[in-house]
Amino acid sequence: MQSLEQLAPSGFSAGLHIRFAAPLFFRSTYPRAWQDRYSSNNFGLRDPLVFWGISQTGAIRWSAITLPDPFGILRQAQEHGLTYGVVVSCGKITSRSVVGAARTDREFSDAEIAEIQAVAADLHAVTRPPDDLSAPMVDALRAVALGDSQPGAAAALGITEGALTRRLSSARQTLGVETTDEALRMAREYRLF
């Protein structure tokens, strides 16, 4: 994120692993007034930059996007100092990451765009939800997340406490954390349940 801040002097937005129309992680450093206008008008559902990012992979300068902008979102963005920009998109359509970066003084150079693409690809990779958690591991985490004690969670799953403990241990190991609380937090962040 610090690299994006340096590359985008007027701010950036990063929606990582967009699934079911919502990102697993979102951060924006665009001016607060623009963020407020954007969200209060639901521009995310109408933004040609978002449409491009969801439908394409690669990078494009805002000025090169030819999609319709009937709500004048790009014009309104300019009123907030977001004059020049680039949108970068990577990942599969089922888990797409879209990053926008802006500046006021000039178009981004090809080298800067390549750098932003590399940062976006890195962010996409490091925030990738785990796909190697088995269904039994997720079920064990879900049962504990519901507030059941370990004996209650095991009973709810129809397994022994030892089996529950092994599933939780495997989930922690797979997620690379030490405690079940950390595993639960990550599972929630990844929207595994």
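Leaving aside its neighbours within four places in sequence, which residues is Asp47 in contact with?

Analyst: Leaving aside neighbours within four places in sequence, Asp47 is in contact with Tyr38 and Ile73, where contact means heavy atoms within 4.5 Å. The model is a predicted one, in which local features need pLDDT of at least 70 and side-chain atom pairs count only at pLDDT 80 or more, while totals for chains, interfaces and linings use all residues. Residues are numbered from 1 along each chain as its sequence is written, and side-chain values use heavy atoms, with hydrogens and water left out.

Asp47 lies in the loop between helix H2 (32-40) and helix H3 (48-55). Helices (H or I, at least four residues) and strands (E, at least two) are DSSP runs, numbered from the N terminus. With Tyr38, Asp47 forms a polar contact of 2.6 Å, side chain to side chain. A polar contact is a pair of N or O atoms within 3.5 Å; within protein, one must be able to donate a hydrogen and the other to accept it, and residues adjacent in sequence count only if both atoms are side-chain atoms.

Asp47 is buried yet has no salt bridge. Buried means under 20% relative accessible area, exposed over 50%, and partly exposed in between (1.4 Å probe, protein chains only). A salt bridge requires a side-chain nitrogen of Lys or Arg within 4 Å of a carboxyl oxygen of Asp or Glu. The nearest side chain of opposite charge to Asp47 is that of Arg46, 11 Å away; Lys and Arg count as positive and Asp and Glu as negative, whereas His and the chain ends are not counted.

Gln76 is buried, with a relative accessible area of 12%. Not counting residues up to four places away in sequence, Gln76 touches Trp34, Arg37, Phe43 and Phe71. The side chains of Gln76 and Arg37 are joined by a polar contact of 3.2 Å. These two residues are 39 apart along the chain, and their C-alpha atoms are separated by 9.2 Å.

Of its 193 residues, 42% count as buried. Among contacts between residues at least 6 apart in sequence, 58% join residues at least 24 apart. The C-alpha trace spans about 65 × 35 × 25 Å along its principal axes.
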